[in-house]
Amino acid sequence: MKRPDISFELFPPASANGLDNLGQAVERLKGFDPQYYSITYGAGGSGQQKSNELIAKLAEDSDLTLAAHITLAGASRQEITDTVKSWKSLGIKRLVALRGDGAVPGEAFVPHTDGFQDSVELIAALRELGDFDIAVAAYPDPHPDSQSLAADLEFLKRKQDAGATTAITQFFFEAESYFNFVEAARKAGITIPIVPGILPINNISQLKRFADRCGATIPEWVIKAFEGLEDNPETSAAVAVSLCLDLCRVLIEGGVDAFHFYTLNRSPLTEAVCRLLALQTEQKEAA
Ligand code: FAD
(Lines give C-alpha, C1' and ligand atoms only; values in the text may rest on other atoms or scores of the structure.)
Protein backbone atom coordinates (compact mmCIF):
# COMPACT_ATOMS: atom_id res chain seq x y z
CA MET A 1 0.00 0.00 0.00
CA LYS A 2 1.49 3.32 -1.14
CA ARG A 3 1.84 6.08 1.44
CA PRO A 4 -0.62 8.90 0.61
CA ASP A 5 0.84 11.99 -1.06
CA ILE A 6 0.93 14.87 1.38
CA SER A 7 0.98 18.64 1.01
CA PHE A 8 1.05 21.27 3.74
CA GLU A 9 -0.60 24.68 3.67
CA LEU A 10 1.15 27.63 5.36
CA PHE A 11 0.22 31.27 5.67
CA PRO A 12 2.50 34.35 5.75
CA PRO A 13 2.95 35.28 9.41
CA ALA A 14 2.36 38.83 10.62
CA SER A 15 5.23 38.95 13.16
CA ALA A 16 8.83 37.83 13.64
CA ASN A 17 7.60 35.37 16.25
CA GLY A 18 5.13 33.99 13.71
CA LEU A 19 7.96 33.58 11.23
CA ASP A 20 9.90 31.51 13.78
CA ASN A 21 6.85 29.27 14.30
CA LEU A 22 6.52 28.83 10.57
CA GLY A 23 10.23 27.95 10.26
CA GLN A 24 9.90 25.36 13.01
CA ALA A 25 6.76 23.88 11.45
CA VAL A 26 8.48 23.56 8.06
CA GLU A 27 11.51 21.88 9.68
CA ARG A 28 9.34 19.38 11.59
CA LEU A 29 7.16 18.54 8.59
CA LYS A 30 10.01 18.18 6.08
CA GLY A 31 10.56 14.57 7.11
CA PHE A 32 7.23 13.53 5.60
CA ASP A 33 8.57 14.33 2.15
CA PRO A 34 5.64 16.53 1.13
CA GLN A 35 4.80 16.98 -2.53
CA TYR A 36 4.71 20.72 -1.87
CA TYR A 37 4.07 23.47 0.68
CA SER A 38 1.35 25.88 -0.38
CA ILE A 39 1.44 29.53 0.66
CA THR A 40 -1.89 31.31 1.08
CA TYR A 41 -2.50 34.71 -0.50
CA GLY A 42 -3.50 37.59 1.74
CA ALA A 43 -6.99 39.04 1.50
CA GLY A 44 -5.74 42.60 0.92
CA GLY A 45 -2.77 44.87 0.13
CA SER A 46 -0.36 44.27 3.03
CA GLY A 47 -1.43 40.62 3.37
CA GLN A 48 -0.69 40.06 -0.31
CA GLN A 49 2.68 41.76 0.06
CA LYS A 50 3.50 39.41 2.95
CA SER A 51 2.58 36.40 0.77
CA ASN A 52 4.87 37.69 -1.97
CA GLU A 53 7.72 38.25 0.48
CA LEU A 54 7.37 34.77 1.98
CA ILE A 55 7.22 33.12 -1.44
CA ALA A 56 10.35 35.01 -2.57
CA LYS A 57 12.20 34.17 0.66
CA LEU A 58 11.36 30.45 0.55
CA ALA A 59 12.02 30.20 -3.19
CA GLU A 60 15.42 31.86 -2.84
CA ASP A 61 16.63 30.46 0.51
CA SER A 62 15.26 26.91 0.57
CA ASP A 63 14.81 23.88 -1.63
CA LEU A 64 11.13 23.46 -0.72
CA THR A 65 8.66 22.81 -3.54
CA LEU A 66 6.14 25.61 -3.33
CA ALA A 67 2.60 26.21 -4.54
CA ALA A 68 1.59 29.87 -4.53
CA HIS A 69 -2.08 30.70 -3.89
CA ILE A 70 -3.41 33.57 -5.99
CA THR A 71 -6.80 35.27 -5.78
CA LEU A 72 -8.46 37.69 -8.18
CA ALA A 73 -9.93 39.76 -5.33
CA GLY A 74 -9.11 43.47 -5.39
CA ALA A 75 -6.54 43.29 -8.20
CA SER A 76 -6.44 44.16 -11.88
CA ARG A 77 -5.61 41.60 -14.54
CA GLN A 78 -2.26 43.31 -15.06
CA GLU A 79 -1.34 43.18 -11.36
CA ILE A 80 -2.15 39.48 -11.18
CA THR A 81 -0.26 38.76 -14.38
CA ASP A 82 2.82 40.63 -13.10
CA THR A 83 2.71 38.79 -9.78
CA VAL A 84 2.47 35.37 -11.40
CA LYS A 85 5.24 36.20 -13.88
CA SER A 86 7.48 37.17 -10.95
CA TRP A 87 6.75 33.82 -9.27
CA LYS A 88 7.47 32.00 -12.51
CA SER A 89 10.88 33.67 -12.65
CA LEU A 90 11.51 32.34 -9.10
CA GLY A 91 10.86 28.81 -10.35
CA ILE A 92 7.31 28.40 -8.98
CA LYS A 93 5.51 25.72 -10.98
CA ARG A 94 2.41 25.20 -8.87
CA LEU A 95 -0.45 27.62 -8.24
CA VAL A 96 -3.68 27.45 -6.24
CA ALA A 97 -6.13 29.67 -8.14
CA LEU A 98 -9.00 31.20 -6.19
CA ARG A 99 -11.59 33.90 -6.47
CA GLY A 100 -11.03 35.12 -2.91
CA ASP A 101 -13.50 37.00 -0.75
CA GLY A 102 -14.99 40.48 -1.00
CA ALA A 103 -13.80 43.36 1.17
CA VAL A 104 -16.99 43.31 3.27
CA PRO A 105 -17.77 39.94 4.90
CA GLY A 106 -21.28 38.74 4.10
CA GLU A 107 -21.72 41.01 1.07
CA ALA A 108 -21.74 39.79 -2.54
CA PHE A 109 -18.31 39.50 -4.16
CA VAL A 110 -17.50 42.32 -6.59
CA PRO A 111 -14.49 41.91 -8.88
CA HIS A 112 -12.00 44.73 -9.55
CA THR A 113 -13.16 46.96 -12.43
CA ASP A 114 -10.13 45.92 -14.53
CA GLY A 115 -10.00 42.47 -13.00
CA PHE A 116 -10.92 38.91 -13.84
CA GLN A 117 -14.63 38.37 -13.35
CA ASP A 118 -14.44 34.95 -11.75
CA SER A 119 -12.07 32.10 -11.02
CA VAL A 120 -12.74 30.51 -14.43
CA GLU A 121 -11.36 33.60 -16.18
CA LEU A 122 -8.40 33.66 -13.78
CA ILE A 123 -7.54 30.00 -14.41
CA ALA A 124 -7.75 30.45 -18.20
CA ALA A 125 -5.33 33.41 -17.96
CA LEU A 126 -2.91 31.48 -15.72
CA ARG A 127 -2.94 28.62 -18.21
CA GLU A 128 -1.70 31.08 -20.86
CA LEU A 129 1.11 32.27 -18.59
CA GLY A 130 2.88 28.95 -18.21
CA ASP A 131 2.74 25.22 -17.81
CA PHE A 132 1.64 25.42 -14.16
CA ASP A 133 -0.04 22.78 -12.06
CA ILE A 134 -3.19 24.69 -11.15
CA ALA A 135 -5.15 23.59 -8.10
CA VAL A 136 -8.59 25.05 -7.35
CA ALA A 137 -10.96 24.95 -4.38
CA ALA A 138 -13.91 22.56 -4.07
CA TYR A 139 -16.64 22.48 -1.43
CA PRO A 140 -18.09 19.24 -0.01
CA ASP A 141 -20.27 21.47 2.23
CA PRO A 142 -21.75 24.13 -0.08
CA HIS A 143 -19.92 27.46 -0.36
CA PRO A 144 -22.06 30.40 0.89
CA ASP A 145 -22.34 31.68 -2.74
CA SER A 146 -23.48 28.33 -4.05
CA GLN A 147 -26.96 28.18 -5.65
CA SER A 148 -27.17 24.39 -5.50
CA LEU A 149 -24.88 21.35 -5.57
CA ALA A 150 -25.58 20.98 -9.30
CA ALA A 151 -24.63 24.64 -9.99
CA ASP A 152 -21.52 24.26 -7.85
CA LEU A 153 -20.41 21.18 -9.75
CA GLU A 154 -21.12 22.83 -13.08
CA PHE A 155 -18.86 25.70 -11.98
CA LEU A 156 -16.14 23.30 -10.80
CA LYS A 157 -16.35 21.58 -14.19
CA ARG A 158 -15.82 24.98 -15.84
CA LYS A 159 -12.74 25.50 -13.65
CA GLN A 160 -11.45 22.10 -14.80
CA ASP A 161 -12.16 22.92 -18.46
CA ALA A 162 -10.33 26.25 -18.10
CA GLY A 163 -7.16 24.41 -17.04
CA ALA A 164 -7.35 23.33 -13.39
CA THR A 165 -5.36 20.16 -12.81
CA THR A 166 -6.43 19.34 -9.22
CA ALA A 167 -9.10 20.36 -6.74
CA ILE A 168 -8.44 20.74 -3.02
CA THR A 169 -11.47 20.63 -0.77
CA GLN A 170 -12.44 22.99 1.99
CA PHE A 171 -12.04 21.18 5.33
CA PHE A 172 -14.80 18.81 6.44
CA PHE A 173 -15.20 16.38 9.32
CA GLU A 174 -17.43 13.61 7.96
CA ALA A 175 -15.83 11.29 5.40
CA GLU A 176 -19.30 10.79 3.94
CA SER A 177 -19.49 14.47 2.89
CA TYR A 178 -16.31 13.98 0.90
CA PHE A 179 -17.33 10.67 -0.69
CA ASN A 180 -20.79 11.97 -1.65
CA PHE A 181 -19.23 15.08 -3.16
CA VAL A 182 -16.67 13.11 -5.16
CA GLU A 183 -19.35 10.73 -6.44
CA ALA A 184 -21.51 13.66 -7.60
CA ALA A 185 -18.47 15.38 -9.14
CA ARG A 186 -17.54 12.29 -11.16
CA LYS A 187 -21.13 12.07 -12.44
CA ALA A 188 -20.87 15.74 -13.45
CA GLY A 189 -17.81 15.00 -15.61
CA ILE A 190 -15.14 16.20 -13.18
CA THR A 191 -12.16 13.94 -13.68
CA ILE A 192 -9.31 15.82 -11.95
CA PRO A 193 -8.09 14.53 -8.54
CA ILE A 194 -10.14 15.92 -5.64
CA VAL A 195 -7.71 16.04 -2.71
CA PRO A 196 -9.30 16.24 0.73
CA GLY A 197 -8.31 19.31 2.75
CA ILE A 198 -7.66 18.14 6.31
CA LEU A 199 -7.78 20.49 9.27
CA PRO A 200 -6.44 19.23 12.59
CA ILE A 201 -8.42 21.26 15.13
CA ASN A 202 -6.07 23.53 17.09
CA ASN A 203 -8.76 25.77 18.53
CA ILE A 204 -12.45 24.86 18.37
CA SER A 205 -13.74 28.38 19.21
CA GLN A 206 -11.69 29.94 16.44
CA LEU A 207 -12.81 27.19 14.08
CA LYS A 208 -16.51 27.78 14.83
CA ARG A 209 -16.13 31.46 13.89
CA PHE A 210 -14.27 30.61 10.70
CA ALA A 211 -16.68 27.83 9.69
CA ASP A 212 -19.63 30.25 10.05
CA ARG A 213 -18.00 32.57 7.52
CA CYS A 214 -17.00 29.96 4.96
CA GLY A 215 -20.04 27.67 5.08
CA ALA A 216 -18.21 24.59 6.41
CA THR A 217 -20.16 22.34 8.76
CA ILE A 218 -18.84 21.28 12.15
CA PRO A 219 -20.89 18.29 13.29
CA GLU A 220 -22.37 18.55 16.78
CA TRP A 221 -20.39 15.50 17.95
CA VAL A 222 -17.13 17.24 17.00
CA ILE A 223 -18.11 20.32 19.01
CA LYS A 224 -19.05 18.05 21.94
CA ALA A 225 -15.70 16.28 21.74
CA PHE A 226 -13.98 19.54 22.73
CA GLU A 227 -16.53 20.66 25.32
CA GLY A 228 -14.92 21.59 28.63
CA LEU A 229 -11.39 21.35 27.22
CA GLU A 230 -10.82 25.11 26.86
CA ASP A 231 -8.21 25.05 29.64
CA ASN A 232 -6.87 21.63 28.88
CA PRO A 233 -4.63 21.90 25.81
CA GLU A 234 -3.09 18.43 26.21
CA THR A 235 -6.41 16.57 26.13
CA SER A 236 -7.69 18.90 23.42
CA ALA A 237 -4.67 18.05 21.25
CA ALA A 238 -5.14 14.31 21.90
CA VAL A 239 -8.79 14.57 20.84
CA ALA A 240 -7.84 16.57 17.73
CA VAL A 241 -5.26 14.00 16.62
CA SER A 242 -7.61 11.12 17.24
CA LEU A 243 -10.46 12.74 15.24
CA CYS A 244 -8.18 13.64 12.39
CA LEU A 245 -6.54 10.24 12.23
CA ASP A 246 -9.92 8.47 12.22
CA LEU A 247 -11.06 10.69 9.35
CA CYS A 248 -7.87 10.06 7.34
CA ARG A 249 -8.12 6.29 7.92
CA VAL A 250 -11.69 6.13 6.64
CA LEU A 251 -10.70 8.24 3.63
CA ILE A 252 -7.76 5.92 2.87
CA GLU A 253 -10.02 2.87 3.17
CA GLY A 254 -12.31 4.59 0.64
CA GLY A 255 -9.45 4.96 -1.84
CA VAL A 256 -8.01 8.39 -1.03
CA ASP A 257 -4.32 8.61 -1.87
CA ALA A 258 -3.48 12.26 -1.16
CA PHE A 259 -4.10 14.73 1.66
CA HIS A 260 -3.69 18.50 1.89
CA PHE A 261 -3.16 19.56 5.51
CA TYR A 262 -4.24 22.99 6.73
CA THR A 263 -1.39 23.36 9.22
CA LEU A 264 -2.14 26.94 10.39
CA ASN A 265 1.66 27.18 10.68
CA ARG A 266 1.70 24.77 13.63
CA SER A 267 3.25 21.39 13.25
CA PRO A 268 2.41 19.27 16.33
CA LEU A 269 -1.07 17.97 15.42
CA THR A 270 -0.33 17.54 11.72
CA GLU A 271 2.98 15.89 12.57
CA ALA A 272 1.31 13.42 14.95
CA VAL A 273 -1.28 12.47 12.34
CA CYS A 274 1.32 12.11 9.56
CA ARG A 275 3.61 9.99 11.76
CA LEU A 276 0.83 7.52 12.51
CA LEU A 277 -0.42 7.42 8.92
CA ALA A 278 3.12 6.77 7.66
CA LEU A 279 3.67 3.99 10.20
CA GLN A 280 0.36 2.35 9.42
CA THR A 281 0.96 2.30 5.68
CA GLU A 282 4.49 0.94 6.23
CA GLN A 283 3.07 -1.82 8.40
CA LYS A 284 0.42 -2.71 5.83
CA GLU A 285 3.10 -2.76 3.13
CA ALA A 286 5.22 -5.13 5.19
CA ALA A 287 2.28 -7.49 5.98
P1 FAD B 1 -15.14 30.00 -6.72
O2 FAD B 1 -15.03 28.53 -6.83
O3 FAD B 1 -14.77 30.79 -7.89
O4 FAD B 1 -16.61 30.39 -6.28
C5 FAD B 1 -17.19 29.85 -5.09
C6 FAD B 1 -18.59 29.40 -5.40
O7 FAD B 1 -19.36 30.54 -5.80
C8 FAD B 1 -18.64 28.42 -6.56
O9 FAD B 1 -18.53 27.10 -6.11
C10 FAD B 1 -19.97 28.74 -7.17
O11 FAD B 1 -20.98 28.07 -6.48
C12 FAD B 1 -20.16 30.23 -6.93
N13 FAD B 1 -19.70 31.04 -8.07
C14 FAD B 1 -18.67 31.93 -8.08
N15 FAD B 1 -18.58 32.53 -9.29
C16 FAD B 1 -19.56 32.02 -10.06
C17 FAD B 1 -19.98 32.23 -11.41
N18 FAD B 1 -19.35 33.11 -12.22
N19 FAD B 1 -21.02 31.52 -11.87
C20 FAD B 1 -21.67 30.62 -11.08
N21 FAD B 1 -21.32 30.38 -9.80
C22 FAD B 1 -20.29 31.06 -9.29
N23 FAD B 1 -8.79 32.75 0.27
C24 FAD B 1 -7.81 33.71 0.21
O25 FAD B 1 -8.11 34.90 0.29
N26 FAD B 1 -6.49 33.34 0.05
C27 FAD B 1 -6.10 32.04 -0.08
O28 FAD B 1 -4.92 31.76 -0.21
C29 FAD B 1 -7.11 31.03 -0.02
N30 FAD B 1 -6.77 29.71 -0.17
C31 FAD B 1 -7.77 28.77 -0.18
C32 FAD B 1 -7.42 27.43 -0.42
C33 FAD B 1 -8.40 26.44 -0.45
C34 FAD B 1 -7.99 25.01 -0.72
C35 FAD B 1 -9.76 26.79 -0.21
C36 FAD B 1 -10.83 25.72 -0.20
C37 FAD B 1 -10.12 28.11 0.02
C38 FAD B 1 -9.14 29.12 0.01
N39 FAD B 1 -9.46 30.47 0.20
C40 FAD B 1 -8.46 31.43 0.15
C41 FAD B 1 -10.84 30.88 0.45
C42 FAD B 1 -11.57 31.27 -0.87
O43 FAD B 1 -10.97 32.42 -1.41
C44 FAD B 1 -13.02 31.53 -0.53
O45 FAD B 1 -13.66 30.34 -0.18
C46 FAD B 1 -13.79 32.30 -1.61
O47 FAD B 1 -15.03 32.72 -1.03
C48 FAD B 1 -14.12 31.50 -2.83
O49 FAD B 1 -13.02 31.29 -3.63
P50 FAD B 1 -13.08 30.09 -4.73
O51 FAD B 1 -11.92 30.16 -5.61
O52 FAD B 1 -13.38 28.83 -4.07
O53 FAD B 1 -14.38 30.59 -5.51
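I began with His69: an N or O atom in its side chain is 2.9 Å from an oxygen atom of the ligand. The model is predicted, so I keep that in mind throughout.

For Arg99 a backbone N or O atom lies 2.7 Å from an oxygen atom of the ligand. For Ser119 a polar side-chain atom lies 2.5 Å from one. I also looked up the cover: the ligand alone exposes 950 Å², and the protein buries 83% of that.

Who else is around? I find 21 residues around the ligand, and Asp101, Ser119, Tyr139, Asp152 and Lys159 come nearest. By type, the shell has seven nonpolar, eight polar and six charged residues. Helix H5 (149–162) and strand S3 (66–71) each give at least two residues to the shell; H5 has the largest share, with three.

On to salt bridges: I searched the whole structure and got eight. Arg28 and Glu271 make one of them, with their closest N and O atoms 2.7 Å apart. Arg28 sits in helix H1 and Glu271 in helix H10, so this pair ties together parts 243 residues apart in sequence. Arg28 is partly exposed at 47% relative accessibility, whereas Glu271 is buried at 10%.

Asp61 and Lys57 form a salt bridge at 3.7 Å, N to O, and both lie in helix H2, four residues apart, about one turn. Asp61 is exposed at 58%, while Lys57 is partly exposed at 41%.

Conventions
Residues numbered from 1 in each chain as written. Predicted model: local features only at pLDDT ≥ 70, side-chain atom pairs only at ≥ 80, totals over all residues. Heavy atoms only, no water. Near = heavy atom within 4 Å. Polar contact = N/O pair within 3.5 Å; in protein donor to acceptor, adjacent residues only side chain to side chain. Areas by Shrake-Rupley, 256 points an atom, 1.4 Å probe, with all protein chains shown as cover. Nonpolar A, V, L, I, M, F, W, Y, C, P; charged D, E, K, R; others polar. Salt bridge = Lys/Arg side-chain N within 4 Å of Asp/Glu carboxyl O. Buried < 20%, exposed > 50% of the residue type's maximum accessible area, 1.4 Å probe, protein only.
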